[in-house]
Amino acid sequence: MKRAAGEVPHFPLHLLLLVFVVITTYPILWVFTIAFSGKQSLAIVNLPANPSVQDRLRAITPWPEEVSASNFVSVVQDQPFARWVLNSTIVAAATTVVGVFMACTAAYAFSRFRFPGRRAGLMSFLVSQMFPGTLTLIPLYIILVQWLGLGSSWIGLILIYACTAIPFCVWMLKGYFDTIPRELEESALMDGASSARIFYQIVLPLAKPAVAVTALFAFMTAWNEFILAATFMDKEEMYTAPVGLRFFVGGFSQQWGYFAAGSILVAIPVVILFMYLQKYLVSGLTAGAVKG
Amino acid sequence: MASPAPQLEPAHDGTPSRTPAPPRRASGAGRIAVGVLLAALLAVGVMHWLDVRRSASRSQGAEAEATIVVARAAADVAAKLGGEGEGIAPAMTAWAQSQPSVKAYRVINIDSRSLEASTFPADQQEGAPPRRLARPEKPLYDLGQTLRTNVETNAEEQTTGNPEFTVERQASGDVLVAAPFKVDGAVTGFAQILATPVAPKSTAPPLWRALAFIAAPFLVVLGLTFFVRNNTILFIAGLVLLLATIWLHATEKGASYGLATAAVLLFVFVGGGYAGRTSSALLEHRQAYWYIAPAIIGMLLLVFFPFFYGIILSFTRQNIYTANQPLTELWIGAKNYVDIITDVNIFRNTPAGRQINYGNFYWTLFFTILWTVANVAIGVAVGLVLALVLNTKNLRFKALYRVLLILPWAVPNYITALIWKGMFHQQFGVINQVIQIFGGDPISWFEKPATSFAAVVTTNGWLSFPFMMVVSLGALQSIPGDLYEAARVDGATRWQQFRSITLPSLKPALIPAIILSVVWTFNMFNIIYLVSAGEPAGSTEILITQAYKIAFEQYRYGYAAAYSTVIFAILLIYGIFQNRATRATESIA
């Protein structure tokens with residue numbers, strides 16, 4: 001391919017990009033190496049007493065000494081990891097359903113109706129994103145654990161996740177509802193459709209792509225959440241996957257093999273999902289920020 | 001059509017439907033009277049309820065105290081007769097006759113292990129007293145020993161820390177009290193009585209008093225409506241009356257300030273006509289409100305209520321031990337805030353010399369700002385450079401590079417944090433292996449603030465640049481190519497093109513991204529908590545992780561709430577300031 005005059009040579013650009021590709025992929029390759037090593041150590045190889053440069057180079061090469069899937073097998077079978085993933089799945093799925101339902105109706109009202117408190121409501125949703133987690137965490141802990149006795153339960157976590165997801169979902173969905181022409185609804189209204197019917201049979205089907213994207217984000221957020229789950233789920237069998245993975249390598253426990261294998265199992269679906277969704281996320285976030 | 005037509009068209013622009021009704025005098029005066037009634041009902045009602053509850057718990061204590069006195073009297077009777085012998089039973093009988101509250105009594109001498117006198121039916125099974133204690137009566141002997149030990153310990157240590165009597169509340173409502181007696185300075189036994197608690201005079205204020213206090217201001221306002229024709233004066237009179245009522249009725253001033261505030265708000269809400277307007281608005285737009293109700297209720301219960309409750313907590317000294325006490329008893333005003341803000345002991349003197357006191361708020365604030373600035377700067381710089389490179393025309397493998405470079409953003413950040421924590425491991429971590437290949441010494445990353453900072457910034461930099469890259473790339477791709485062509489024709493250099501075309505086009509996308517990224521990084525809990533965990537000695541703690549540790553490792557809920565409120569205030573000020581700054585730049589551009 002011939003370059004047009006005045007264009008920069010591509011070779012240094014490729015070199016720079018390759019350096020960054022190494023930086024971004026190395027930690028990921030490292031996790032795969034540990035996961036497939038069949039051991040719990042966080043060293044790729046065991047170094048001899050006086051390692052040479054070759055030994056050290058081997059120690060940073062992301063390829064296990066022997067490839068073994070035993071970590072994957074035993075993390076699922078021998079460890080309570082499967083149970084943690086189940087907890088995460090239930091919590092994240094229920095969060096998505098509850099959160100998106102609440103967000104859909106609210107976003108529709110914010111988009112279509114003009115009513116006192118509309119602007120205040122939208123602004124308060126934005127401001128609530130600024131509340132530091134720890135400020136609401138203490139009262140939430142007191143309310144859910146000490147008053148309602150919902151510590152270490154799915155319901156407690158689902159309610160918190162769903163409600164904290166509302167503002168983001170509302171802003172995403174409202175933006176999309178705003179783009180649906182009102183004429184459609186008006187003609188349905190002329191034909192005598194009730195407001196609920198218009199919402200469920202005309203607007204929601206039209207907004208399906210946006211609802212799907214919002215739902216996936218709500219799911220991912222709940223799936224990846226760590227602090228709230230770590231604070232509220234203090235029984236080992238009720239851990240979610242993030243808390244469980246931390247359990248493998250936190251404190252004095254050093255089960256890096258289980259951690260790596262578990263991380264890969266937990267992260268692969270969301271990484272793929274994220275790659276597919278990130279263009280929506282960027283437009284949603286920056287649009288919201290510009291408006292705010 | 002069953003339901004009313006929804007208002008699809010904006011009837012009026014978001015403001016309440018202020019149908020400027022002509023100020024009908026009667027309804028205004030009525031509103032004020034009702035407002036006074038409701039506000040007085042709230043304040044006086046709650047104060048009365050608190051008084052009743054307080055006096056109930058107080059009288060329970062008083063009951064027990066009165067019975068203890070009776071038990072002591074019984075013990076004194078036994079002590080006067082030497083604590084044992086034939087004389088005790090008749091003396092006790094005589095004493096008990098003068099004590100209508102005593103249902104049963106027993107006197108036990110633990111030196112001789114004998115039951116000297118008793119009217120407990122259970123004691124008669126083993127034979128009438130006086131007699132030796134039987135084997136099943138061992139618990140009674142043990143009780144005597146416990147009392148003796150407590151009395152002796154208290155005498156030795158000169159305290160009253162160990163209870164010198166025992167009180168057991170029976171299911172029937174009676175109390176069982178045991179008091180030891182001394183003969184020649186040593187505890188030789190005890191007297192135990194079962195008594196109906198002597199009900200002390202109830203200190204609870206009578207209900208009619210509360211009712212009178214609720215009715216009085218209402219009636220006065222009602223009377224005033226006949227003489228005062230001006231609603232403003234009536235309103236002020238109502239307010240003054242209300243405050244006077246609360247002031248006069250209040251028995252404990254602590255709770256009354258909060259209640260007075262609530263009552264005044266309620267009065268203004270009802271008396272000022274806001275309640276009427278709100279309810280008519282609710283009715284008029286009920287459809288819209290139905291739609292937002294689930295979200296709003298959820299947000300109110302689990303986001304806004306916890307937020308305000310947190311702010312209230314920040315004015316108390318609540319911690320894990322006092323979590324069950326009412327907040328009014330733990331109220332300490334702004335002390336937590338004063339402690340945080342005025343803690344200027346940034347340095348402390350140790351034998352090793354002056355050291356920074358890492359637990360100090362200002363150090364943590366400084367570190368948080370340093371952390372935020374460093375990360376955002378790295379994110380923007382790396383992201384922008386990569387975006388510019390990826391935006392090069394005809395570059396091969398562009399899509400592949402893009403996917404690989406976005407990966408860090410896609411990985412859940414707690415996993416990223418734990419991975420890097422493993423790679424920074426002093427002995428086995430790959431980063432130290434790389435350093436050793438180049439002949440360096442392995443670094444113990446989390447033992448010095450500087451290296452610990454480097455580690456957390458590296459981790460966060462790794463996961464935060466892709467966002468900036470994607471945002472910049474999107475903006476770059478939307479710049480029309482003709483602009484550059486025109487610039488080249490005019491002889492602009494590459495740098496000039498960048499300055500005058502690229503940067504201005506990037507700005508609208510980059511500024512919101514930076515604003516977001518500042519807030520994210522400022523609150524980036526997971527990386528600090530999981531990678532450095534504040535090591536060494538809390539020097540790499542950011543505000544949010546510090547607040548978490550105060551709450552869930554030191555269990556000082558009130559202080560942690562104040563700390564979090566300060567964080568919120570900082571973010572809010574930043575948000576307002578930022579909003580102004582961006583508006584200013586927008587209006588210039």
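**Chain A overall and strand 1 of chain B**

In chain A, 76% of the contacts between residues at least 6 apart in sequence join residues at least 24 apart. The model is a predicted one, and chain A turns out to be built from helices: 13 of them, with zero strands.

As for overall dimensions, the C-alpha trace of chain A spans about 85 × 70 × 30 Å along its principal axes. The radius of gyration of chain A comes out at 24 Å, whereas a compact globule of 292 residues would sit near 19 Å. Of those 292 residues, 45% count as buried.

Chain B brings in strands, and strand 1 (residues 102-109) is a handy place to look. Six of its eight residues are buried, so strand 1 of chain B is largely enclosed by the rest of the structure. What does this strand pair with? One partner is strand 6 of chain B (residues 186-195), which runs antiparallel to strand 1 and is joined to it by seven bridges. Within that pairing, B:R106 stands opposite B:Q192 of strand 6.

Another partner is strand 2 of chain B (residues 114-118), also antiparallel to strand 1, with four bridges between the two. Here B:V107 has B:A117 in strand 2 as its bridge partner. Strands 1 and 2 of chain B form a hairpin with four residues between the strands, and in this hairpin B:R113 takes a positive phi near 50 degrees.

Key: Residues are numbered from 1 along each chain as its sequence is written. Chains are lettered from A and ligands numbered from 1 in the order in which they are written. This is a predicted model: local features need pLDDT of at least 70, side-chain atom pairs count only at pLDDT 80 or more; totals for chains, interfaces and linings use all residues. The radius of gyration is taken over C-alpha atoms; the globule rule is 2.2 Å times the number of residues to the power 0.38. A residue is buried if 20 or more other C-beta atoms lie within 10 Å of its own, exposed if 12 or fewer, and partly exposed in between; C-beta atoms are placed from the backbone. Two residues are in contact if their C-beta atoms, placed from the backbone, lie within 7 Å. Two strands pair if DSSP finds at least two bridges between them.
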